[in-house]
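This report concerns one protein structure, shown below with its sequence.

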Amino acid sequence: MKKKYLSILALSMVLTTSCNFLDVMPDKLGTIEYAFRDQVSAEKYLATCYSYIPSQFATNDVYMYGNEITAYNNVQTNGMKLLLNGNSVTSVSMGSWNNFYQAIRHCNIFLENVDQVRDIEEYDKVRWILEVKFLKAYYHWMLIQKYGPIVIVRDNLPITSQPEEVRLPREPLDDCIEYIIGLLDECIGSGLDEEEDSGIHLPDQIEMAMTEYGRITRPIAAALKAKILVHMASPFFNGNSNNYAEFKDKDGKALWPTTYSSEKWTRAAQACKEAIKYCEMGNHELYHYTNLGTLKISEDTRKILTFSQLITDHANNQGEYIWSNRINLNTKDYQFNMMPALNAYCRTARLNSHWNPTLEFIENFYSSNGVPIEEDKDWNTNGWYKSRYEVTRSDAVQKLYIEQNYPTARLNTYREPRFYGDVAFDGSVWFGAGRTDESKSQTVKVLAGDPTNYPAGRNGNQYYSTTGYFIRKLTPYTTYVTEDTKTEFKQTNYAFPIIRLADLYLLYAEALNESLSAPNDEVYKYINLVRERAFLPTVEDAWANHSINPDKYLTKDGMRDIIQQERILELAFEGHYFYDLRRWANGTKKSKFDIFEQFNKKIRGWNVEGETVEDFNKIKIYYSPKFTQRDMLWPIAESEMMINTNLVQNPGW
């Protein structure tokens with residue numbers, strides 16, 4: 001089949017106000033015939049199918065559901081409200097049931113009518129069909145993530161359907177997944193071997209970024225397939241008979257797979273391996289921050305910047321990004337709610353600064369030796385772990401991470417570079433914010449009551465960190481408050497990642513480890529690729545030389561803990577935390593990161609009301625969340641249950 005990409009001319013007729021394909025919404029679509037009368041109109045309807053991809057993970061999804069990030073009470077996010085108050089069948093929070101079924105309906109309308117388009121070339125039509133099949137699979141998966149077994153909408157029902165034909169039951173979870181994987185397989189095509197390649201698949205990469213911005217590719221489809229299969233192989237979805245043995249429809253059909261299958265891990269590992277190969281074909285590779293331009297920085301500062309640039313370097317991180325959220329590139333909310341006030345005019349601009357890491361999450365980051373701080377031999381021998389909450393003074397070795405001789409908690413010292421790149425705290429050095437010379441970096445100062453000398457500290461009921469920590473990772477070094485007006489916030493916008501290559505590498509390492517009796521070199525290879533980019537020693541070297549458990553990496557159970565912690569740190573603050581912790585749980589603790597233990601921990605931070613070093617560096621409990629088994633799945637709204645009487649409610653609701 002001759003491959004032809006959408007012409008600039010054709011798309012320019014659609015993209016009248018933006019170069020972003022996904023910004024387009026249909027206008028004046030009075031009838032289906034009108035919508036598919038020609039290629040331009042049909043392309044607008046294609047954009048409608050894309051438009052349901054969630055645009056703001058931080059506010060609409062489970063971004064702050066758990067003990068990773070918090071905020072102060074008078075600005076609770078939806079995730080915080082859910083953790084504190086629970087969900088409700090009368091008013092389901094963050095469920096998106098109707099929204100995604102509406103998206104699926106639009107996808108089905110497109111697939112049913114695209115053959116009516118009279119002036120479209122065959123390659124374009126086939127590609128559009130595959131894109132919409134991918135989106136249809138994705139929207140079904142988004143529902144499954146929240147609700148478990150769902151109603152699969154293979155085709156839209158005719159308007160003449162009888163009530164009983166419309167009231168469809170939920171289908172068994174494995175059947176739901178196989179339907180989704182079938183759609184994704186159509187998008188991926190027949191095989192990796194060029195001789196077996198039929199040519200009927202999504203493109204391996206976007207050739208014309210200006211006009212195809214955000215379109216789905218074969219690596220995206222393969223990566224989503226891999227991610228879904230890893231979820232389905234994980235304990236929560238794979239043989240969770242402790243909690244879902246009685247989860248059945250009204251005819252007594254079991255909806256949950258309660259028999260464990262090791263084959264699911266093998267299948268997931270194979271899907272990850274294939275996805276990695278498709279990503280290589282699409283020229284995806286791990287991001288390394290080397291384009292320093294005119295910056296006057298040292299190697300240590302480059303390391304720190306790597307982790308924010310990885311997410312925010314919109315022009316150069318596309319190799320790392322397999323799929324990113326291109327619908328809304330305005331990430332001001334992230335930056336405005338995370339960046340600390342570095343000086344007086346940051347306070348004048350009223351930076352909110354109130355989306356903050358919890359103390360519990362801060363403790364997850366490795367030591368400078370690349371192992372958990374509770375396992376680090378140096379931290380134990382020197383008594384640092386036991387005294388981690390005590391105040392010490394930073395030394396010259398860490399002067400580009402922490403202002404030299406600044407009093408700060410031991411917990412903030414001698415941590416991995418990723419820690420200093422991802423978060424900021426009282427005494428940490430912040431490069432950027434309008435400055436390009438490392439020698440002019442500013443210090444984050446968080447003591448309360450003195451906004452002149454400690455501008456990031458609490459001085460009132462807003463514009464401060466709840467825990468004493470800030471998220472640096474999602475704020476580019478180029479974001480700043482103008483020094484001339486002292487009020488204007490200048491953010492640098494970027495696409496938020498949905499799936500990136502490091503995520504896929506760690507999924508592969510995990511699936512492969514679970515499919516084997518003991519980890520092999522391939523498992524180590526893919527976790528070490530991520531650790532190398534994080535400036536950490538290999539798993540083998542780090543644990544053998546620096547851990548009090550030197551043989552941990554040699555066992556399947558030990559590697560499970562290591563891989564899970566690596567995922568939590570590498571993907572910190574990117575919206576994966578809840579879904580990962582949930583899939584690792586099945587009602588019995590199998591790993592270090594048990595969701596019931598983690599999500600029921602008291603949310604703690606430093607005493608941000610403290611006006612002295614001694615008072616500030618005391619631990620304060622902010623609130624006590626409550627997370628139970630029924631919270632693992634969202635409830636179906638009572639209103640939906642009344643409309644469709646063939647639905648059964650999720651367990652516990």
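Predicted model: local features only at pLDDT ≥ 70, side-chain atom pairs only at ≥ 80, totals over all residues.

Residues are numbered from 1 along each chain as its sequence is written, and side-chain values use heavy atoms, with hydrogens and water left out.

**Strand 12.** Helices (H or I, at least four residues) and strands (E, at least two) are DSSP runs numbered from the N terminus. In strand 12 (residues 496-500), 5 of the 5 residues are buried, so the strand is largely enclosed by the rest of the structure. Buried denotes under 20% relative accessible area, exposed over 50%, and partly exposed in between (1.4 Å probe, protein chains only). Strand 12 pairs with strand 2 (residues 321-325) in the antiparallel sense over 4 bridges; pairing requires at least two DSSP bridges between the strands. Within this arrangement, Asn-325 stands opposite Phe-496 of strand 12.

**Salt bridges.** The whole structure contains 40 salt bridges, each defined by a side-chain nitrogen of Lys or Arg within 4 Å of a carboxyl oxygen of Asp or Glu. Three of them are listed here.

| Pair | Closest N and O atoms |
|---|---|
| Glu-488 and Lys-490 | 3.1 Å |
| Glu-574 and Arg-500 | 2.7 Å |
| Arg-560 and Asp-557 | 2.9 Å |

The salt bridge of Glu-574 with Arg-500 links distant parts of the chain, 74 residues apart: Glu-574 lies in the loop between helix 22 (556-570) and helix 23 (577-583), and Arg-500 in strand 12. Both Glu-574 and Arg-500 are buried. By contrast, Glu-488 is partly exposed at 37% relative accessibility, and Lys-490 is partly exposed at 32%. Arg-560 and Asp-557 both belong to helix 22, 3 residues apart, or about one turn of the helix. Arg-560 is buried, with a relative accessible area of 10%. The largest pocket has a volume of about 620 Å³. A pocket is an open set of points on a 1 Å grid over the protein atoms alone, where a 1.4 Å probe fits, with protein on both sides within 12 Å along at least five of seven lines; lining residues have an atom within 4 Å of a point. Of the 19 lining residues, Tyr-101, Val-151, Val-153, Leu-157 and Val-166 are the closest to the centre of the largest pocket. Helix 6 (97-113) and helix 26 (638-643) are the elements that give two or more residues to this lining, and helix 6 gives the most, with 6 residues.

How values were computed
Points joined across faces, edges and corners; volume = space filled by probe spheres on them.
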